[in-house]
Amino acid sequence: MSSSDTLTPAAGTGSEYDSFADIYAVWSDTARSTRANLAFYVDAYAAADGPVVELGVGDGRVAVEAAVQGCHVIGVDASPAMLALCRQRAQRAGVTDQITLVEADFRDFELEEPAGLIALPYHSIGHLLTLDDKRQAMRHIFAHVRPGGRFVFDDFLMTPALMAHMRQVQLRAAYRSTAGVDMLLWVTSLVDEPSQSMTVVTWEDELDAVGHLDRRRYRRLSLSWLEPPQARRLLQDTGFAIEACFGDFHSTPFAETTATEQVWVARRPA
Ligand SMILES: C[S@@+](CC[C@H](N)C(=O)[O-])C[C@H]1O[C@@H](n2cnc3c(N)ncnc32)[C@H](O)[C@@H]1O
């Protein structure tokens, strides 16, 4: 991956999510890996020794569930719209006092004390589009985990089959909006293998009472992926010791032939 390519000026900063926030719930509810990654991360937060930080906390899908189960979570996100959703979710669940929200980038957040666990769930490292951006984030994360503390993240495991699937036009969801309007959410991705990056394009169709298209709205997200050896090297170069790499969210050891994800558990040496 080139160290200087970026797809749009907003890419890599989280600000694309300001316009993505109002479809995030439908998006994440209908995603392949969200059910399994929720349980995996909630368990990791509950087992942490010391403050738990979720980078890219989003609408609080994971953090609020962990808070309901008794954790205190510091959620960092660059998108004010996503942080507002997280705040609302925490209010609805009655756990606002267990969630601290910080508006900041993965590469420059500050904490009051070093974390016992920093997590970066749901392929969110992919929003940092270049290896340099990812390296900068890992160094920053390393500096904010206490000695002996952990950094856990997952990334796409990009295979020819997944690329082909992502390039298809898919009807992601058919649902009724809060205003009672019939909606269709579509998605496809422009995948660029040489640069290990993609633009996810979604469009939301609003239908009238007889099924005619009333309005269409497009949104884009810029993403990238690491190959597993790149992820391993980045972690090691940063100083992390790798405790585990899983091939799914059920803690199955990573094997190229069976893995569907890459889930990394790293520790800052004591
Ligand atoms: C895929 S969502 C994940 C949300 C949540 N962790 C989950 O699992 O549902 C990615 C989140 O990361 C945030 N984000 C993306 N790039 C960021 C950056 N460079 N710094 C901080 N937040 C960022 C976005 O605003 C978005 O809320």
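A residue counts as near a molecule if one of its heavy atoms lies within 4 Å of it. With that in mind, here's a quick tour of this predicted model, starting with its ligand. There are 23 residues around the ligand, and Y24, E54, G56, R61 and D77 come nearest.

**Where the ligand sits**
- Look for the ligand in the largest pocket.

- D77 has a side-chain N or O atom 2.6 Å from an oxygen atom of the ligand.
- Y24 also points a polar side-chain atom at the ligand, 2.7 Å from one of the ligand's oxygen atoms.
- For R61, the distance from a polar side-chain atom to a ligand oxygen is 2.8 Å.
- On its own the ligand would expose 600 Å², and the protein buries 99% of that.

**Aromatic pairs**
- Elsewhere on the tour, the count of aromatic pairs comes to 13.
- Take F151 and F240: their rings sit 5.5 Å apart, centre to centre, with 35° between the planes, so the pair counts as tilted.
- F151 belongs to strand β5 (residues 145–156), while F240 is in the loop between α7 (228–238) and β10 (241–246), so this pair ties together parts that are 89 residues apart in sequence.

Note on methods. Residues numbered from 1 in each chain as written. Predicted model: local features only at pLDDT ≥ 70, side-chain atom pairs only at ≥ 80, totals over all residues. Heavy atoms only, no water. Polar contact = N/O pair within 3.5 Å; in protein donor to acceptor, adjacent residues only side chain to side chain. Areas by Shrake-Rupley, 256 points an atom, 1.4 Å probe, with all protein chains shown as cover. 1 Å grid on protein atoms, 1.4 Å probe; cavity = no way out; pocket = protein on both sides within 12 Å on 5 of 7 lines; lining within 4 Å. Sits in = over half its atoms within 2 Å of the grid points. Phe/Tyr/Trp six-rings, centres within 6.5 Å; stacked < 30°, edge-to-face > 60°. Helix = DSSP H or I, 4+ residues; strand = E, 2+ residues; numbered from the N terminus.
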